[in-house]
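Work through the exercises below with the sequence and the model open. Each task is followed by its solution.

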Amino acid sequence: MSESKSFDTLAIHGGGAVSPNGSLAPPLYQTSTFTFESAEQGEARFAGIEEGYIYSRLGNPTVKLLEERIAILEGGEAGLSFGSGMAAVSAVLLALTKSGDHILCSQGLYGCTFGLLQMMEEKYNINHDFSDMDDEEEILSKITPHTKLIYIETPINPTMKLIDLQKVVTIAKRHHIPVVVDNTFCSPYLQQPIKLGCDIVVHSATKYIGGHGDVIAGLVIGKKDFIQHVAMTTKKDIGGIMSPFDAWLLLRGLKTLPVRMDRHCDNTEKIASLLKEHKNVERIFYPGDPESPAYEIMKKQMRRPGGLISFTIKGTKKDAQNILNRVKLIKIAVSLGDTETLIQHPATMTHAVVPEEARLKMGITDHLIRLSVGLEAWEDIWEDLKQALNG
Ligand SMILES: *Cc1c(COP(=O)(O)O)cnc(C)c1O
């Protein structure tokens, strides 16, 4: 399918066809291994002389279709799939670094990414630093001769601060340092970091790409050589692969990604404006708010502001917990990007492991609540949230 087609079309048709019998849905190759017609064919496949499948940890047709489709949607050369977002993140970080190297990260990473970086420092002497990535001087002051990559999340969870990707890319290119972006919160529909000059994109496909709260999976997109390198090293030998069935579910999820994202964004706009006016809400954190410091960057690099909103209430931790306890339609859960609206309390849930001082510095106070706005009618979401806020 030509890459000149629109995103919405490519989400449904992108990638090579694997439908030998004309089935409309892609076939699910639920197999561990592939048979050879002869000993010589087996030899040729292992030698790389003949193209073809060997064993599903090394490649599988259903998984390959997903990898082709996500690469097209992100505007990258090639894609690679993993059993979870963290398997994708760890395979990339381990592929790019060795003992003695240094990683420069954005402030406020996904909790397990933070944990992985700590483990890499303690066990393998691969060090890291944090930067808020706002200020060129400050970024430059943290780049060392050992810096092998810049790792960014934008929007930052849960305060929804944005990082200007083009600004970071300009600095990184001058120093020949690859930029890796965790694009989970946006999905390729809202933000395409590779088109902005970034080198590698990672996803927790568990979130918007799957979109239905029924799969845990990860994806990586980048240059062909890099993807091939990861496929044949950290992916093959550590082995955090995606099952063919999960790839099949993600291919189904991707078909409706543009439609779902627009509805997530529509609903979130409504809920954000209503929350902002509510008497018990102190402040909202939402890149679509024209008063947000993130607004200008959002307009520059995102199609729309996304489906997440955080807010502080006028009250205590107990008051925040009581709001969670009063919702009925909305579900109390971590994760995001599902059809269901999910509410969580970052200070005691997603960011509970962050020491209090660091947590408060990140703006994660005890009266902060995060909402992943789902696909229900916004009127019903608001009615539930309003009764919970009113108490
Ligand atoms: C959920 C998430 C991850 C981890 O993904 P899993 O699929 O849960 O392993 C990484 N980064 C971000 C931003 C996430 O939200």
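**Exercise 1.** Is Met349 buried, partly exposed or exposed?

The model is predicted: local features need pLDDT of at least 70, side-chain atom pairs count only at pLDDT 80 or more, and totals for chains, interfaces and linings use all residues. Residues are numbered from 1 along each chain as its sequence is written, and side-chain values use heavy atoms, with hydrogens and water left out.

*Solution.* Take the cut-offs: buried is under 20% relative accessible area, exposed is over 50%, and partly exposed lies in between (1.4 Å probe, protein chains only). Met349 has a relative accessible area of 34%, so Met349 is partly exposed.

**Exercise 2.** Which class does Arg304 fall in, buried or exposed, and which side chains does its side chain contact?

*Solution.* Arg304 has 16% relative accessibility and therefore counts as buried. Next, look for polar contacts (pairs of N or O atoms within 3.5 Å; within protein, one must be able to donate a hydrogen and the other to accept it, and residues adjacent in sequence count only if both atoms are side-chain atoms). The side chain of Arg304 has such a contact with that of Asp262 at 3.0 Å, and another with that of Asp266 at 2.6 Å.
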